[in-house]
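Thank you all for coming. I would like to walk you through one protein chain, slowly, and with some care about what can be read from it.

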Amino acid sequence: MKKIFVLTALYAMVILMSLQSAYAQTDSGQKQFAKTKVGEVEIITLVDNSSEFDISIFDGDKTLREQLSSGKKLPASINAFLVKKGDSLILVDTGIGKQLLENIKAAGFQPEQINAIILTHTHGDHTGGLLQNSQAAFPNATLWLSQKELAYWQSQNLRYADLCKKMYNGLKFIVQDEKTPLIIPEMTAIAIEGHTPGHTALLIRSQNEGAILIGDLLHSVTLQFAYPDICANFDADKPKAIAARKKLLKLAADEKLLIAGAHIPFPAFGKVKIQGDGFQFAPAPLKNP
Ligand SMILES: [Zn+2]
């Protein structure tokens, strides 16, 4: 399962092509959102785009990948989430900016109501919806991300990072120490470096219930719960991505936390159990507020 890849220029090009083609396939453009509750905190999945991944973007044993996927492409999704508690309306990631605004409105909100945006990380499928016609799509929101991630964003796409900084009136850094409250008392941040250097997961605890918004901890339900050593090409530092994946999924299993993933197919909520050397995922029933 463990392979060491040499990052040649050719391989980097393949990654770029995978990123571009991975999200090329879309569904019929249906509005999709789903609401659930964790104690007093409401979490709403907003589908920005539906897509499929080819198994070739994942590493690991080819025969195993083909068996697990039954020779088909792997269902994926690009999701953002709303976290709502009292007057706080927090958008977590912004997709590529395809159906996000429509689905925010379909869920009963207006973009102007969103007062904070948290970026789990800064790949284009999480930051693409920040701007609309070069203006802030969420004009009353403060932007939150980890300091390391801002540096990574600027190293990858300085022009867009700086434009977003300029259009959003205020940028704050997330403290990833698992104890400092993040915007609301119920939420804290966990460092899950690997997929990107400043990748952040969000832990929500309220009234003896808990949830983790896992960002891009994994890209395939079919492959990576059972075999967490498998990485997608998008993981910048694969050993660290694997370690973060195992650590966070173990926490979710041990504490029976709801998980919500940016690329888990709709409605993107589930629970995990430890199974052998990996994990088993099951969609979780929604608790509609
Ligand atoms: Zn992503």
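I will begin with confidence, then turn to the overall make-up, and then to a few elements.

What you see is a predicted model, in which local features need pLDDT of at least 70 and side-chain atom pairs count only at pLDDT 80 or more, while totals for chains, interfaces and linings use all residues. Residues are numbered from 1 along each chain as its sequence is written.

The mean pLDDT of the protein chain, pLDDT being the predictor's confidence in each residue from 0 to 100, is 89, and 89% of the residues reach 70 or more. Over residues 1–28, however, pLDDT stays under 50. Where pLDDT is low, the predicted coordinates should not be read in detail.

As for the make-up, the chain has eight helices and 15 strands, taken as DSSP runs (helices H or I, at least four residues; strands E, at least two) and numbered from the N terminus. Of its 289 residues, 48% are buried, where buried means that 20 or more other C-beta atoms, placed from the backbone, lie within 10 Å of the residue's own.

Let us start with a hairpin, which β1 and β2 form with two residues between them, and in whose turn Gly39 has a positive phi of about 60°. Strand β1 (residues 33–38) and strand β2 (residues 41–53) run antiparallel and are joined by six bridges, and Ala34 has Thr45 in β2 as its bridge partner.

Next comes helix α5 (residues 147–156), whose buried residues are Glu149, Tyr152 and Trp153. Seen down the axis of α5, these fall within an arc of 100° (taken from the directions from the helix axis to the C-beta atoms), so they line one face of the helix. They pack against β8 (142–145) and α6 (158–167).

Finally, there is an open sheet of six strands, in the order β10-β11-β12-β13-β14-β15, with mixed pairing; two strands pair if DSSP finds at least two bridges between them. Its edge strands, β10 (187–191) and β15 (278–283), each pair on one side only.

Within this sheet, β13 (residues 258–260) and β14 (residues 269–275) run antiparallel, joined by two bridges, and Ile259 stands opposite Gly270 in β14. Helix α8 (residues 238–254) packs on the sheet, and its direction makes about 95° with that of β14, where axes are lines fitted to C-alpha atoms, for helices over the stretch in contact (C-beta atoms within 7 Å), and angles run from 0 to 180 degrees between N-to-C directions.

Methods
Contact = placed C-beta atoms within 7 Å. Buried ≥ 20, exposed ≤ 12 C-beta atoms within 10 Å, placed from the backbone.
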